[in-house]
Structure formats: structure tokens, C-alpha cells
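Here's a quick briefing to read with the model open beside you.

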Amino acid sequence: MTFFYVIPLLKVGKIEFSFRNFPFIKIFSIAIAWAGITVFFPLLEAKYALTTDAYIEFFERIFFIIAITIPFDIRDVNTDPKSLKTLPQVFGIKMTKLIGLGLLFLFVVFEVFKKEISFIEVVISLLISIITAVFLLFSNDQKSRYYTSFWVEAIPIIWFILVVLFL
């Protein structure tokens with residue numbers, strides 16, 4: 001997915017068709033690529049069977065990655081080409097934040113459907129969702145690049161620290 005985001009799928013005359021030319025593809029290609037790399041690759045490398053829980057984790061990760069990508073799209077709403085058709089460009093900043101909150105809600109709800117579930121995993125997912133929601137709600141097109149490039153990018157690190165400390 002990442003390869004075809006940059007490299008054109010086909011070229012007709014001077015017009016190149018790549019994933020970047022289609023609305024919303026950027027955010028989904030990022031989310032699917034990262035979810036696949038962080039869920040399926042480690043499981044396949046460990047020769048672990050792909051269970052229902054693995055697929056649930058994959059979709060949870062997609063929801064989460066889209067949610068943490070939204071602050072970047074909000075920050076760049078005025079500088080991204082209109083042809084990108086990012087979520088904030090199409091739906092507006094307020095509606096995009098609501099979409100992000102909905103995705104975070106799904107992220108937590110899907111946790112409950114796993115066969116192997118622990119209370120602490122649900123608490124960590126809920127905590128990470130709350131932290132992400134706060135950063136999402138405070139996102140705007142006037143925020144410094146450090147807001148997204150440091151604070152929003154730090155959310156997965158906070159998640160990792162919580163997992164290491166409590167699991």
C-alpha cells in the first residue's frame with residue numbers, strides 16, 4: 001500500500017494514477033500499512049496462528065492510527081493541496097474530530113470482543129483513547145508542528161510504557 005501511494009499504478013498520457021490521487025486513500029493506506037506491520041508481521045515471524053483476536057487487533061490498530069493521524073491532517077488543512085481531499089478538507093475540522101472520537105470509541109469497544117482479554121488491557125486501551133481524544137480535541141490548524149511532531153507522536157510511546165509497566 002505504501003509503495004503504491006508513491007509509485008503510480010498506471011499512467012495515461014501525462015496523468016499519473018496513484019493512491020495519492022484518490023480521496024481519503026492517504027490516511028487509510030497509512031493506517032492499513034502500519035496495522036499490518038505492527039500486528040501481522042510480528043505474528044507471522046513468530047509463527048503464531050492468525051486468530052480472531054489478531055484480526056480484531058488489526059482493526060483496532062487501524063482505528064487508532066487513523067485517529068492519531070487526524071491531528072496531522074488538521075494541522076495541514078490549509079497547506080495540503082485541495083486535491084488530497086483529507087478528512088478535514090472534506091468534512092471540516094469539527095466533524096473530523098467527531099469521526100476521530102468515534103474511531104477511538106470503536107478501538108475500545110473492539111477490545112471487549114477478544115477471546116483472551118484482561119482487565120488491565122481494557123484499562124490501558126481506555127487510557128490511551130482518552131489521551132488521544134484530548135490531543136485530538138485540542139488540535140487545530142494554528143498549533144505548532146511540535147504539537148503533532150512531538151506530543152501526538154509520543155502517544156504510542158506512552159502506550160508502550162503502560163504495557164511494559166502493567167502487563
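Is K47 buried or exposed? K47 counts as exposed, because its relative accessibility is 76% and the cut-off for exposed is over 50%. Keep in mind that this is a predicted model.

**Loop residues with positive phi**

- K47 sits in the loop between α2 and α3.
- Its backbone is worth a look: phi of K47 is near 55 degrees, a positive value in a residue that isn't glycine.
- K85 is another non-glycine residue with a positive phi, at about 50 degrees.
- You'll find K85 in the loop between α3 and α4, the latter running over residues 87-91.
- K85 counts as partly exposed, since its relative accessibility of 38% falls between the 20% and 50% limits.

**The largest pocket**

- The largest pocket holds about 1100 Å³ of space.
- Its lining is made up of 31 residues, and those nearest the centre are T38, V39, E57, R61 and W159.
- Helix α3 gives the most to the pocket lining, with ten residues.
- By class, the pocket lining splits into 18 nonpolar, nine charged and four polar residues.

**The cavity**

- How many cavities of 30 Å³ or more are there? The count comes to one.
- The largest cavity has about 40 Å³ of space.
- Its lining brings together F24, K26, I27, D73, L84, K85, T86 and L87, so K85 turns up here as well as among the positive-phi residues.
- Sorted by class, the cavity lining has four nonpolar residues, three charged ones and one polar one.

**The largest nonpolar core**

- There are 33 residues in the largest nonpolar core, and F64, I66, I70, I128, V152 and I155 touch the most other members.
- Helices α2, α3, α5, α6, α7 (145-152) and α8 each supply at least two residues of this core.
- Which helix gives the most to this core? That would be α3, with twelve residues.
- To zoom in on I66: setting aside neighbours within four places in sequence, I66 is in contact with I27, F28, A31 and L103.
- One of those partners, I27, also belongs to the lining of the largest cavity.

**Aromatic rings**

- The structure holds ten aromatic pairs.
- In the F58 and F59 pair, the ring centres are 5.4 Å apart and the planes meet at 75 degrees, so the pair is edge-to-face.
- F58 is buried, because its relative accessible area of 12% is under the 20% limit.
- F59 counts as partly exposed, with a relative accessibility of 40%.
- Ring pairs also join F58 and F59 with F40 and Y55 into a cluster.

- E111 has its place in helix α5, which covers residues 93-112.
- Is this charged residue buried or exposed? E111 is buried, because a relative accessible area of 5% is under the 20% limit.
- Beyond neighbours within four places in sequence, the contacts of E111 are E60, I117, E121, V122 and S125.
- L126 lies in helix α6 and counts as partly exposed at 42% relative accessibility.

**K11 and the strand**

- K11 lies in strand β1, which covers residues 10-12.
- K11 is exposed, because its relative accessible area of 54% is over the 50% cut-off.
- From K11 to L44 the C-alpha separation is 35 Å, for two residues that are 33 apart along the chain.

Note on methods
Residues numbered from 1 in each chain as written. Predicted model: local features only at pLDDT ≥ 70, side-chain atom pairs only at ≥ 80, totals over all residues. Heavy atoms only, no water. Helix = DSSP H or I, 4+ residues; strand = E, 2+ residues; numbered from the N terminus. Buried < 20%, exposed > 50% of the residue type's maximum accessible area, 1.4 Å probe, protein only. Contact = heavy atoms within 4.5 Å. 1 Å grid on protein atoms, 1.4 Å probe; cavity = no way out; pocket = protein on both sides within 12 Å on 5 of 7 lines; lining within 4 Å. Points joined across faces, edges and corners; volume = space filled by probe spheres on them. Nonpolar A, V, L, I, M, F, W, Y, C, P; charged D, E, K, R; others polar. Core = buried A, V, L, I, M, F, W, Y, C linked by side-chain atoms within 4.5 Å. Phe/Tyr/Trp six-rings, centres within 6.5 Å; stacked < 30°, edge-to-face > 60°.
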